[in-house]
Amino acid sequence: MKKKSWHISENEVTPVNIFNKRRDFLKLGIASVLTSSYIFESFAQETSKIQTSKVKGDIKKLLFKKDKNLKNLDLNTYKQITSYNNFYEFTTNKERVKKLSHTLNTNNWKIQIDGLVEKPFSIDIESLIKKFTLEERIYRFRCVEGWSMVVPWIGFSLSSLIKLAKPLSKAKYIRFETKFDDEMFPDQARGVFATMDYPYVEALRMDEAMNDLSILALGLYGSLMPNQNGAPIRLIVPWKYGFKSIKSISKISFVEKEPINSWQKANSKEYGFYANVNPNVDHPRWSQKKERVLGKFFKQKTQLFNSYEKEVAHLYKNMDLTKYI
Ligand SMILES: Nc1nc2c(c(=O)[nH]1)N[C@H]1C(S)=C(S)[C@@H](COP(=O)(O)O)O[C@H]1N2
Ligand SMILES: [Mo]
C-alpha cells in the first residue's frame, strides 16, 4: 500500500478537466497498486500489458464504476481536498495535517471485525478490495465548523461489508475505531496532554449504516486515499457532519447499545450521536444556516441532511431533530 515512485504526485491543483483526461490512467493506477507485484511491475513497464491482464485477472473488480454526477456538483480540486484537513491524531492545525501525516503507515493494515457477529475475523485492505465493487461517489461533505466541499470518493457500500460480517439480530449499532498507534499518530503519544481521548470512535445505527449513501472509502480522485484524508480506509456518511466520517479505521464492532462517539464524549452539550446536517439547529456557539465551500468566497445555504433529504429523511421520521443532535 506504500505509494510507489510512479504514484502521481499531486503537488499542483488538479482541475476537473485535467482529471477527466487522466482518469483512465489513474484507474489503472489504483488497480495496480492494490494487486500483486506482477501486475504492479507490468504497469510500470507498459500500460497495454495491464489492460490485457485486467481482462483475465481479478484486477477487473478493482476498477471503479464512475459516478454520473447527476446532481451536477462542482468538484473541489484535489489540492483543496488534501490541503485542509481535520485529523486530530496529527494536529488541530488543518493546514499542517498534510505535512505531518507521512508517519501514517498503511502497510499490512488490517481491520478487526467483532462484537455481535456470527464469527469475528480480521481482513486486510487488498482482500476487501477484491471482494467488493469499487464505485466513485461524488458527495457533498459538510464539517460542523461551517466549511464544506464536494469530493469524488472511491469506495464500496458499507452495507456490503455488513453482509460479509453477518451481524446477529441483537446488533443494533455499528461502531468504528481509528487505529491506535502512537508511533504513527503524534497526538496519541501525548497521553493525558493529547487533544482528545484516543482511539477516535464513531458509530451509526444499523439502518443508517445500511443506507445506500454510506460507504467505506479507499481513495479519492481516482487514486488511493491520501494519508491526511484517512488512509487506507475511512467512513463517509454525507448527510452527517464531517466528524462522523471517521478516518483510518482498524476496528469495526457490532453492538447492542448506542456507543458514545468521541465528540460526544468530549462535549455532549455541543455534539450528539446523530450529527445530521441541519441548517435549522444551530451549534451552541455558531449558526449552521450557511457554509463556506473551500475555494469559494461567498457562503452558501446549508441544506437539510446536506441535500440528501430524499435518501435519508425516513430514518428520522419520528425523531425530534432539535433534541437528537
Ligand atoms: N480519526 C479521525 N477521524 C476524523 C477526524 C479526526 O480528527 N480523527 N476528524 C473528523 C472531522 S471533524 C472532519 S470534518 C473530517 C475531515 O475529513 P477530511 O480531512 O478528509 O476533509 O474527518 C473526520 N474524521
Ligand atoms: Mo469536522
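**A buried strand and an enclosed ligand**

Strand β6 (residues 201–205) is largely enclosed by the rest of the structure, because 5 of its 5 residues are buried, where buried means under 20% relative accessible area with a 1.4 Å probe and protein chains only. This is a predicted model, in which local features need pLDDT of at least 70 and side-chain atom pairs count only at pLDDT 80 or more, while totals for chains, interfaces and linings use all residues. Residues are numbered from 1 along each chain as its sequence is written, and side-chain values use heavy atoms, leaving out hydrogens and water.

- Strand β5 (residues 173–178) runs antiparallel to β6 and is joined to it by 5 bridges; strands (E, at least two residues) are DSSP runs, and two of them pair if DSSP finds at least two bridges between them.
- The bridge partner of Y173 in β6 is R205.

**Ligand 1**

- Ligand 1 is surrounded by 19 residues, each with a heavy atom within 4 Å of it, and the closest are Y88, E89, T178, R234 and K247.
- An oxygen atom of ligand 1 lies 2.9 Å from an N or O atom in the side chain of N85, and an oxygen atom of the ligand is 2.9 Å from a polar side-chain atom of N229.
- A polar backbone atom of Y88 is 2.7 Å from an oxygen atom of ligand 1.
- Taken alone, ligand 1 exposes 540 Å², of which the protein buries 98%, with areas from the Shrake-Rupley method and a 1.4 Å probe.

Key: Chains lettered and ligands numbered in written order. Polar contact = N/O pair within 3.5 Å; in protein donor to acceptor, adjacent residues only side chain to side chain. Buried < 20%, exposed > 50% of the residue type's maximum accessible area, 1.4 Å probe, protein only. Helix = DSSP H or I, 4+ residues; strand = E, 2+ residues; numbered from the N terminus.
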